[in-house]
Amino acid sequence: MAILKQPLPLKNKMTDLFKLTLKESKEGLKSKKFTAVELVQSCLDRINSVDKKLNSFVTITGENALKEAENSDISLPLGGIPIAIKDNYLTVGLRTTASSKVLDQYIAQYNATAVEKLKKAGAIIIGKTNMDAWAHGSSTETSDYGPSLNPWNTGHLPGGSSGGSAAAIAADETIISVGSETAGSIRQPSSWCGVVGFKPTYGRVSRYGIIAMKSSTDSPGPICKTVDDAAVLLEIMSGNDVHDATSINEKPWIRPEMKKNLNGIKIGLPSCYFPKEIQSEVKAAVLMAVETLKKLGAEVIELTDVLDPKYSIAVYTILQRSEVSSNLARFDGVRYGHDRSYFGQEAKRRIMLGTYSLSAGYYDAYYLKAQKVRTLICQDFDNQFQKVDAIIGPVSPTTALKLGAAEGQSMFGEIQDMLVEPSSIAGLPGISIPCGFDKIGLPIGLQIITPQRREDLVYQIAKLFEDNTEYHLQRPKL
Amino acid sequence: MKTTPIIGLEVHVELKTKSKMFCGCDAAHFHVEANTHTCPVCLGLPGALPIPNKTACEWCVKLGLALGCTINEESFFERKNYFYPDLAKGYQITQLQKPFSINGKLDIDGHIIRINRAHMEEDTGKSVHIDGFTLLDFNRSGVPLVEIVSEPDLISAEEAKKYLNKLQQIVRYIGISDADIEKGSMRCEPTVNVKMETDDGQIIYTPLAEIKNVASLTGVMNAINYEIKRQIDQYQSDSIAKNSTNKTTRGWDADKNQTFLQREKEGSADYRYFPEPDIPPITFSKEQIEEIRQTLPELPEAKITKYKALKLSDYDAGLLAEDSAFSFVFEKALGSSTDPEFAKFTANLLNGAIRTHLNETQTEIDINKINATHFQEIFSKKSELSSTAIKQLILESYNSGINPLIFAKDNNLFQISDTGALEQYAKEVIESNPKAVEDYRKNPLAIGFLVGQLMKISCGSANPQTGKDILEKLLK
């Protein structure tokens, strides 16, 4: 688990391999421009040089990753490619903490289905990334291993809960990574870190072996440098799993054929996704993106009757706290090494609120009512998708906030995630792609949402946008 | 003062499915090395998810149908949250709002006992207390359980016992569980209180008590009887009636033959139920329910009616219908015959010779060893066979499969009905027993002794009736 101190000598001064995308890495490996060992080494070196500053990783695999790289089969889809895994995915032989000291020493006995698939595809785990403890938050500040920092400006937060994975991608500490989203945890950090975060339809990727947060919306998915990289990962991670009763009974998702333009595609722009508090640069960047999409042939329609996302905050909060209070019950002090006193403030708050809202006499007023509103939110999306094929908007009302912004704000995450919560609650697929920068150089993210199981359309729109813009080519200076 | 006990029963039946309720682990846990039948799911490890066992769900529906329940076409699982060291996940997956089966009934000698529900859930692990330590065995964790909850319609310990017997019989008949109370595959928790009507017409209910740890049928009866008496005595000393907060949980101490207080104020327990997000709702279409109904065997009640129509006594019919193997064997031996005489003959052999043999050898009935043709053959020659020989032949048929008629012939078991040979014997008997002949002349009933002698010298091969006829003729 130690970080390798002595980098191996590289041929041809290819010291910047870590900057490569998945596609470029595969091409380089195939044409033997470099080896898997060199690629992994390059990322480890990069981690070694920048992670003290960023704290993207909770655990780094070092020599183990190099050993795996030596034996890697580069003919596999991810053969020899370094991957960073969010620390709530169980990994055999490599500790899984969910960034909580309760699991400080926990080594899983089985791999998450998604991990199993990624490993089978040849990916090499170079480390486990930092997150809000138990995925409770949108900043990584609730991590018991300290917050991760935003590679674009280390005075700012990377977002969360998959903040470590997003920061690791933005800082080129890895070629690819995976995170998980319950309500924004892939898209919001991807937006704040200027990378691509693809949240699939609920049930598209198995939840088996991923430490449960809010079981009814938890959705594992990729965080990568490009839309194509993320799509390749989703192809590998997706597919029905006999170990997950909520997984979609379909074969793995595959990328559709690319469109030349967006002719005939109707894209909705909900006016309520631009609340009063929205940062003006975010609004401007998203409206600029609208112009780009129009140029690509899409018809953009303003949606004025979308259910205000503020309702989602209440629904999400009640349902999430309720499920959390039950999901964290198994960490009862009997097993896993540490007792419940190791839970941080945020987890304790959520357990208490969830326990309260499920209690006799309150269940109807809170949990049951929240479920009813959830149904209304789903119906609202159904109605909107009668009018348009996809919905776009800002991922977050602001760019990355400063370190400490979440302090004392127990609803910080919910407010930051306001614009991604409705689609999460409805189990819809969505993506965050870079669409601009604010005046201090922090990235801005655009989200694209479609009906359930329409990742094909998410991909087509995102890919065309990416192909016609250059935001994704920008990298922070570290 | 008039007192009426009010008894409700919660019965847990452990299904004998191959695998557990929510994972593929072997569901066997009795006398199995601790923690060998476990996996991430039944250990409640982080990230593990439950996959409902289809067979278990269908069996729960099957039991519901056997109990006359309505089957909910859409049901779902829920989480019941509470802490216990052997509860791996910190919650039990069970059913509350929408169980598979609701509103059934059992008829106990004409008294209809309403069944509130038969719902599906999972068992917990087991805490083993040794030398001041508590060890946890998760082999039982996740074993499928059906909980059958009666309404508080039972009015005596005797009736509760009959209800349990009947339920056990049905569960065994439909083949979903061994329902062995001693082994814990059937567990019963009675809830008891007493309705008291004072002489001036006032009605009072004593506080509810739920009784745990009852490990036998006799225990259930004793515990209920003890509790009824205790509650009446208690009320007479403290005059505390039932209210919404004074339900207690009491344990049963079989050695001392008494219940003891375990927990007070059960009314305040809050399990924070909510729908299990890891398992989508489960639907049974009308067609699927009908298909399951088709798999129901004929139940004991129907069997008894059918056997009584063959003129079998209540006792014989009840005994044959008691377990499905025996009734199966009976019907197999009977074949298509509707002859009451043959039915009685077959019932006698099964309830007599075969049952005695099984008891002596401590074995279970083996339905494959029953040869229907042999029963018919023996029956057709029964006038030539002594009752002892008949028993011997059916046991030979059961144990070695040998044709009974060939065996009877080879072993000289056919009785001599040939009058010539019998006359010879009879003459001998008359000659050598003058005293008995004297007696017969005074009292014709004394012929019995002479017949006995005849049987003796013929080594049992004589047909007693023919022998008697010949003796009487010679002594005329």
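Tutor: Gladly! Let us start with a term: two strands pair if DSSP finds at least two bridges between them. Keep in mind that this is a predicted model.

Student: How do you know that β4(B) and β5(B) pair?

Tutor: Strand β4 (residues 78–81) of chain B and β5(B) are joined by four bridges. The cut-off is at least two bridges, so the two strands count as paired. Their pairing is antiparallel, and E78(B) stands opposite T94(B) in β5(B).

Student: What holds paired strands together in general?

Tutor: Strands of a sheet pair through backbone hydrogen bonds, in a parallel or antiparallel way.

Student: In which order do the strands of this open sheet run?

Tutor: The three strands are ordered β5-β4-β16 (chain B), with antiparallel pairing.

Student: Why are β5 and β16 of chain B said to stand at the edges?

Tutor: β5 (91–94) and β16 (274–275) of chain B each have a single partner strand, so one side of each has no neighbour in the sheet.

Student: How do you know that the length of helix α2 of chain B agrees with what it should span?

Tutor: Helix α2 (residues 157–173) of chain B has 17 residues, and at 1.5 Å a residue it should span 24 Å. The C-alpha atoms at its ends are 24 Å apart, so the two values agree.

Student: Which residues of α2(B) are buried?

Tutor: Among them are A157(B), L164(B), L167(B) and Y173(B). To be called buried, a residue needs 20 or more other C-beta atoms within 10 Å of its own. After α2(B) comes G175(B), with a positive phi near 70°.

Student: What makes N35(B) stand out in its backbone?

Tutor: N35(B) is not a glycine, yet has a positive phi of about 55°. N35(B) is in the loop between β1 (2–14) and α1 (54–66) of chain B.

Student: Why is N35(B) called partly exposed?

Tutor: Exposed means 12 or fewer C-beta neighbours, and buried means 20 or more. N35(B) has 14 other C-beta atoms within 10 Å, so it falls in between and is partly exposed.

Student: And what makes N213(B) partly exposed?

Tutor: N213(B) has 16 C-beta neighbours inside 10 Å, so it also falls between those cut-offs. N213(B) has a positive phi of about 60° although it is not a glycine, and is found in the loop between β13 (209–212) and α3 (217–238) of chain B.

Terms used
Residues numbered from 1 in each chain as written. Chains lettered and ligands numbered in written order. Predicted model: local features only at pLDDT ≥ 70, side-chain atom pairs only at ≥ 80, totals over all residues. Expected span 1.5 Å × (residues − 1).
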